[in-house]
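Please consider the structure shown below. A short report on selected local features accompanies it.

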Amino acid sequence: MTLPSILRVLAILPLLPPLHKLYQLVANEDILGSIIAKLNNDKSGGVNISADGSDVVNEVNTVGVQLLLFLILGILGHFGTYRLIPGIRYYMLKRGICGKDLGKKGTDREDVDLLDLNSALLSICFMLFLGFTDDVLEWPWRYKLFLPSVASLPLLCCYEGSTSIVVPIPLRSYLMHAGELTTFGKLLCRLVVVDENADGSIINLGTFYLAYMGLLSVFCTNAINIYAGINGLEVGQSYIIGCAVLYHNFIEIQSNGESAENHVFSAMIVVSFLGVSTALLRYNWFPASVFVGDTYCYFAGMTFAVVGILGHFSKTLLLFFIPQILNFVWSVPQLFRFVPCPKHRLPKFNAKTGLMEPSRVVISTTSGGNRKQVEMANMTLINVFLQLFGPMHEQTLCIALLVFQSFCCGLGMYIRYNLAQIVFDY
């Protein structure tokens with residue numbers, strides 16, 4: 001088996017868990033019969049006449065049908081994107097819009113659903129446009145923090161869901177004791193609403209929850225954008241996170257709980273996202289013929305923010321962003337200019353060895369009254385991998401980072417379904 005064939009097999013692995021869960025969801029349903037029944041309902045208004053002359057409303061379980069239709073749309077999106085990219089690449093090159101690879105040598109419920117869908121698509125498309133302007137105009141970092149906030153405005157303005165959060169069990173005693181609010185609980189009530197009927201287990205954050213959603217949009221878009229720089233990493237990490245989100249959606253749909261409908265909405269968006277992302281990955285994988293730039297990073301980040309917010313599983317979403325969170329925390333000194341931050345922090349390509357090495361930045365220090373310059377590696381998770389495991393080929397480095405991403409998504413899933421009960425009673 002050749003190396004490309006092995007890589008294709010590895011690329012399919014993250015998609016197997018959600019596909020298996022999808023099979024479990026639809027295996028016991030008569031899909032063809034459901035489609036025919038649905039069409040008959042639409043023609044007859046969904047009402048039949050019973051033997052005694054009374055009206056009988058036909059109820060058809062269409063969740064399996066919906067999920068299969070979403071899968072078909074995702075597949076169509078994949079092949080459509082795969083066919084469109086070469087043509088778009090030709091015209092982009094013709095207009096001189098191209099880049100240099102620095103890692104290479106030389107370079108009602110239905111009404112509510114419709115409102116949610118429109119606000120989600122508007123935010124994603126707006127972020128897609130802003131990402132393209134960033135690629136062309138190269139916005140400074142202070143604007144990159146502001147742009148996702150603007151793009152999330154349609155989502156925040158149209159949000160009609162709950163603004164309450166569940167308080168972890170160990171912290172509830174600080175809010176209420178013996179059925180009465182504690183001093184801290186009374187102080188907190190000046191800003192938010194502590195539900196006394198729920199013994200302090202629920203807090204309504206109100207406007208603060210909207211601010212949290214805006215910050216989540218900013219984090220998701222920029223977290224992917226700063227964890228980048230080698231062929232396949234941006235799309236690869238988004239693909240793995242998308243598979244984890246889809247698997248989580250299918251688990252919740254299968255449980256048929258109160259949030260099942262929200263997860264159907266999330267699955268609809270994520271399936272289409274995975275369809276176009278896998279097509280793009282075929283062109284962005286090493287050696288890349290297409291660069292994704294900030295356009296895709298913002299698009300992917302806002303897509304995850306939208307499904308996390310409207311699907312009401314933002315905490316679970318952050319569990320799938322463990323590598324991005326680690327990368328952000330480690331990058332804080334450079335991002336906030338405590339340490340010099342160059343424009344590009346991607347690894348350095350050694351033309352002699354053909355391997356990627358940690359890129360470095362020069363900082364000035366003062367010791368004993370003497371000023372001297374010291375080199376240190378740029379503070380990114382990619383450089384940490386190179387420091388721990390030594391110089392690597394770019395493709396090997398990308399695979400190692402994606403394996404780590406897969407491990408963290410699996411860990412996040414384990415925490416969500418096995419350890420969360422320790423701090424949350426659900």
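The report that follows treats a helix pair, the loop beside it and several individual residues.

## Basis of the model

This is a predicted model, in which local features need pLDDT of at least 70 and side-chain atom pairs count only at pLDDT 80 or more, while totals for chains, interfaces and linings use all residues. Residues are numbered from 1 along each chain as its sequence is written, and side-chain values use heavy atoms, with hydrogens and water left out.

## Helices H11 and H12

Helices (H or I, at least four residues) and strands (E, at least two) are DSSP runs, numbered from the N terminus. The axes of helix H11 (residues 260-284) and helix H12 (residues 293-310) cross at roughly 165° and come within 9 Å of each other. H11 is therefore roughly antiparallel to H12 (a term for angles over 145 degrees). Axes are lines fitted to C-alpha atoms, for helices over the stretch in contact, with angles from 0 to 180 degrees between N-to-C directions.

The contact (heavy atoms within 4.5 Å) involves residues of H11 including Phe265, Ile269, Phe273 and Leu280, and residues of H12 including Phe299, Thr303, Val307 and Leu310. By class, this contact has 13 nonpolar, 4 polar and no charged residues; Ala, Val, Leu, Ile, Met, Phe, Trp, Tyr, Cys and Pro count as nonpolar, Asp, Glu, Lys and Arg as charged, and the others, Gly among them, as polar.

Asparagine 284 belongs to helix H11. Asparagine 284 is buried, at 3% relative accessible area (buried means under 20%, exposed over 50%, partly exposed in between, with a 1.4 Å probe and protein chains only). A polar atom of the asparagine 284 side chain lies 3.1 Å from the backbone nitrogen of glycine 232. Beyond neighbours within four places in sequence, asparagine 284 is in contact with residues including Glu234, Val235 and Phe291.

Proline 287 lies in the loop between H11 and H12. A cis peptide bond, with omega of about -10°, joins phenylalanine 286 to proline 287.

## Helix H15

Leu381, Ile382, Asn383, Phe385 and Leu386 are the buried residues of helix H15 (residues 381-389). These residues pack against helix H10 (233-255), helix H14 (322-335), strand S9 (355-357) and helix H16 (394-419). Just after H15, glycine 390 has a positive phi of about 85°.

## Positive phi in two loops

Aspartate 199, in the loop between strand S6 (193-194) and strand S7 (202-204), has a positive phi near 55°. Aspartate 199 is exposed, with 53% relative accessibility.

Histidine 312 has a positive phi near 60° and sits in the loop between H12 and helix H13 (314-319). Histidine 312 is partly exposed, at 37% relative accessible area.

Notes:
Parallel < 35°, antiparallel > 145°, perpendicular 65-115°, else oblique. Polar contact = N/O pair within 3.5 Å; in protein donor to acceptor, adjacent residues only side chain to side chain.
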